[in-house]
There are 2 protein chains.
Amino acid sequence: MTNLLNPTIPELKNNLKYALGEVFETTFSEHPEIVQSEETETVKGLSAIVGLGGNISGYLALHMTPEGACKIAGNMLGMLYAQVDDIVCDAVGELVNMLAGSLKRYSSKNGELFKISIPTIVWGNDYYTHAPKDAEQILIGVKSLSSLFTMQLVVSMNY
Amino acid sequence: MTNLLNPTIPELKNNLKYALGEVFETTFSEHPEIVQSEETETVKGLSAIVGLGGNISGYLALHMTPEGACKIAGNMLGMLYAQVDDIVCDAVGELVNMLAGSLKRYSSKNGELFKISIPTIVWGNDYYTHAPKDAEQILIGVKSLSSLFTMQLVVSMNY
C-alpha cells in the first residue's frame with residue numbers, strides 16, 4: 001500500500017535537516033551543527049515526542065539531557081532555568097511541535113502528509129523508549145546552544 | 001476555533017469506556033472493571049502512547065507496571081513473558097493502537113476526528129510524563145487480566 005507520492009526516507013531525512021535549520025534560525029538565530037548520531041546516543045534524560053498520523057504514521061522525538069532542555073527553554077523564553085519544571089517541558093514540547101510543523105511543510109508538496117499530535121514529554125533518570133519493530137528510523141545528532149541532542153524520526157509508510 | 005461538531009470531554013470519556021469494553025471483549029474475552037483513577041495513579045513502569053492529530057490533537061496513553069505489560073502481551077499472544085522485551089512492547093503498542101482506533105470510530109460520527117500515530121513505548125524505573133498545560137485530561141482506572149492500569153486521554157480541542 002506504499003504511496004509513490006510520499007517522500008522517501010532519504011527525502012524525509014533531508015527535510016528534517018531543513019526543518020532543523022529553519023526552526024533554529026527563526027527561534028534562536030542559531031545555525032545548528034549536524035554531528036554523527038553516535039555522538040549523541042548517550043544523551044538522555046528528557047524526551048519530547050509528537051505523534052504523526054496520516055499518509056505516513058510515526059513520531060518525531062527530541063532526546064536531550066535535562067540541562068540541555070533547560071538551555072533550550074532559557075533561550076526560547078529569555079530566562080534561566082536550573083531544573084526541569086512544567087515551563088521547561090512546555091517549551092521543549094513547543095520546539096518539537098515547530099520542528100514537526102516545518103517537516104510537514106517541506107514534506108507535503110503532494111498533499112498533506114500527516115497531522116501532528118500535541119507533545120508528550122518524558123523525563124527521568126532511568127527510562128527507555130521503544131519504536132514498533134516494523135517502522136523505519138532516522139537519527140540525526142545535533143549540536144546547538146552549547147548542547148547535544150538527538151532528533152529521532154520514526155515512520156511507518158503503510159501502517 | 002472550537003468546532004461544535006466535535007465531541008465534548010464527557011462524550012470522549014464515555015467513548016473511551018466503550019472502546020475499552022469493545023477491545024478487551026474482542027481481544028481477551030474480558031469485561032474490564034472501571035475503578036477510581038486514584039487507585040491506579042501509582043501504577044507505573046511502562047507507558048504505551050499514541051498521538052492523535054486532526055480536528056482534535058492529543059494522545060492516548062496506557063500506564064501500567066512491567067508485570068501488567070507482560071500479562072497483557074501473554075494474553076494477546078498465548079505465551080508467558082517474565083520481563084519486558086521488544087515483543088511485549090509491540091503487543092502493548094498494538095493494544096493502545098486498537099483502543100485509539102475504537103475511540104476514533106465512536107467519536108467520528110460527524111467526520112474523521114483524528115488520525116492516529118504509531119505507538120511509542122516508554123519504560124523504566126524512574127520517569128515522569130508531562131502533558132501541555134493547556135490540554136484537557138481524562139483519566140480512567142481499569143482492572144483487568146488481574147492487573148491495574150490507567151488510560152489517559154489528553155486532548156486539546158483547538159490546538
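Reader: How many salt bridges does the rule find across the interface of chain B and chain A?

Author: A salt bridge is counted where a side-chain nitrogen of Lys or Arg lies within 4 Å of a carboxyl oxygen of Asp or Glu. In this predicted model, the rule finds 2 salt bridges across the interface of chain B and chain A, and one of the pairs listed is B:K133 with A:D90, at 3.9 Å from N to O. Over all chains the count comes to 8.

Reader: Which residue forms a salt bridge with B:E22?

Author: The partner is B:R105, and the closest N and O atoms are 2.7 Å apart. This pair links distant parts of the chain, since B:E22 belongs to helix 1 (residues 9-28) of chain B and B:R105 to helix 3 (residues 86-107) of chain B, 83 residues apart.

Reader: How much area do chain B and chain A bury between them?

Author: The size of an interface is often given as the accessible area lost when the parts come together. Here chain B and chain A bury about 2,800 Å², with 62% of it on carbon and sulfur atoms, and 36 residues of chain B are in contact with 36 residues of chain A.

Reader: Which residues form a negative surface patch?

Author: The patch is made up of A:E33, A:E38, A:E39 and A:E41; A:E38 sits in the loop between strand 1 (33-35) and strand 2 (46-54) of chain A.

Key:
Residues numbered from 1 in each chain as written. Chains lettered and ligands numbered in written order. Predicted model: local features only at pLDDT ≥ 70, side-chain atom pairs only at ≥ 80, totals over all residues. Heavy atoms only, no water. Patch = residues over 30% accessible without salt bridge, like charges linked within 9 Å, V, L, I, M, F, W, Y side chains within 5 Å. Areas by Shrake-Rupley, 256 points an atom, 1.4 Å probe, with all protein chains shown as cover. Lys, Arg positive; Asp, Glu negative; His and termini not counted. Charge placed at Lys NZ, Arg CZ, Asp CG, Glu CD. Helix = DSSP H or I, 4+ residues; strand = E, 2+ residues; numbered from the N terminus. Contact = heavy atoms within 4.5 Å. Buried area = accessible area lost by both parts, 1.4 Å probe.
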